[in-house]
Amino acid sequence: MKSLFLTLVFSAALGGAAVAQTAPPPAPTAEAPASVDDIVVVARRAGLPIWTVDRGDSTVILVGSISGVPRNYEWRPEALEQATLRSQRVLYPIEGRASPADVLRLIWRIRTITRLPDGRTIADYASPELMAQLEALHAGERSQNWRREPPLIQSLDLMDRTGLERRGRAVVGVVSDKARRARIPGDAVGVVRGDELIDGLLTAPPETYLACLAMTVEAAQAGPEGAAKRLDDWSHLRVAAVLANPLDQALNLCWPSGDPEVAPMLRQKWLEATDQALGQPGVTLAVAPLRVLAEPDGVLDRLEAAGLDPRGPEWRPVGE
């Protein structure tokens with residue numbers, strides 16, 4: 001069961017923006033021309049963290065997305081769909097490219113990933129405080145197999161207790177579906193190969209994901225209420241509160257986002273793609289992970305440091 005679950009996580013992580021590459025059906029009737037201001041107004045009706053950046057005759061609309069949004073959660077996707085139709089191009093998140101050989105390799109080496117080295121237990125890596133928290137979370141369980149699991153695998157298991165919706169309606173899916181049907185050109189900001197991610201899983205020492213485990217434990221202790229607060233803060237544009245949420249931090253620190261090689265590349269690719277889009281006339285709609293945009297020294301900070309003016313909700317904690 002655990003090997004199947006990890007394989008599904010791997011496959012989902014590499015799903016990326018592949019939908020943007022599929023051949024679109026015949027285009028519907030084109031939308032009437034709209035001004036940049038009109039497009040921005042429409043996009044912001046979606047009720048999500050959205051920023052606009054201008055340079056010359058170029059405008060980039062940055063949409064801050066998060067994972068785990070339930071299908072029945074109340075936001076206004078139709079507004080984002082209309083903004084998509086009026087944009088000249090779309091930027092999508094990093095695209096993963098996994099081959100059948102990559103998945104087979106993961107399954108073949110699954111024991112390497114799901115078990116600590118012989119003779120070691122999680123107590124050899126976790127602090128006494130973290131061990132006490134783990135003991136409390138596993139109290140009453142008959143199986144003690146969790147003690148032999150590496151920090152990353154324990155985090156994946158405990159994620160079930162956080163209230164995270166695994167099969168929600170992703171913001172990027174709303175945009176890509178509409179763009180595909182309307183033949184609006186779009187590109188992923190970069191590519192991560194499946195073998196690169198697998199290499200990271202196989203070679204990273206267990207302690208690589210101790211911070212991931214510690215934050216997942218905190219998110220599990222908060223339970224579904226913590227996940228609900230994250231969604232509420234996101235839809236009410238409380239950006240700093242979303243980034244401070246233990247669940248959001250756990251998702252950032254765990255694999256694949258927390259992969260030591262992938263994380264810095266992800267942020268750099270978004271900065272480069274935004275800069276390139278600001279050199280093209282018209283409007284670019286970009287769906288990016290909220291944390292990549294709003295974290296310290298993230299895309300928004302760097303755009304501002306470059307003399308640009310990202311307009312939208314405040315992204316820094318109060319007082320900074």
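These legends describe close-up views of one predicted model. Residues are numbered from 1 along each chain as its sequence is written, and side-chain values use heavy atoms, with hydrogens and water left out. Local features need pLDDT of at least 70, side-chain atom pairs count only at pLDDT 80 or more, and totals for chains, interfaces and linings use all residues.

**View 1. Confidence along the chain.** The average pLDDT (the predictor's confidence in each residue, from 0 to 100) is 85. A score of at least 70 is reached by 89% of the residues. Residues 1-33 fall below 50.

View 2. Strands are DSSP runs of E, at least two residues, and helices are runs of H or I, at least four residues, both numbered from the N terminus. Strand 1 (residues 50-55) pairs with strand 2 (residues 58-65) in the antiparallel sense, over six bridges; pairing takes at least two bridges found by DSSP. T52 has I61 as its bridge partner. Two residues lie between the strands. In the turn, G56 has a positive phi of about 65°.

**View 3. Helix 10 and its cover.** Helix 10 spans residues 210-222. Its buried residues (under 20% relative accessible area, 1.4 Å probe, protein chains only) include L213, M215 and V217. Helix 6 (128-137), helix 7 (151-158) and helix 13 (246-253) are among what covers them. G223 follows helix 10, with a positive phi near 70°.

**View 4. The disulfide of C212 and C254.** The whole structure has one disulfide (cysteine sulfur atoms within 2.5 Å). C212 joins C254, S to S 1.9 Å. The link is right-handed, with 90° about the S-S bond. C212 sits in helix 10, and C254 in the loop between helix 13 and helix 14 (262-277), 42 residues apart. Both cysteines are buried.

Key
Contact = heavy atoms within 4.5 Å. Expected span 1.5 Å × (residues − 1). Buried < 20%, exposed > 50% of the residue type's maximum accessible area, 1.4 Å probe, protein only.
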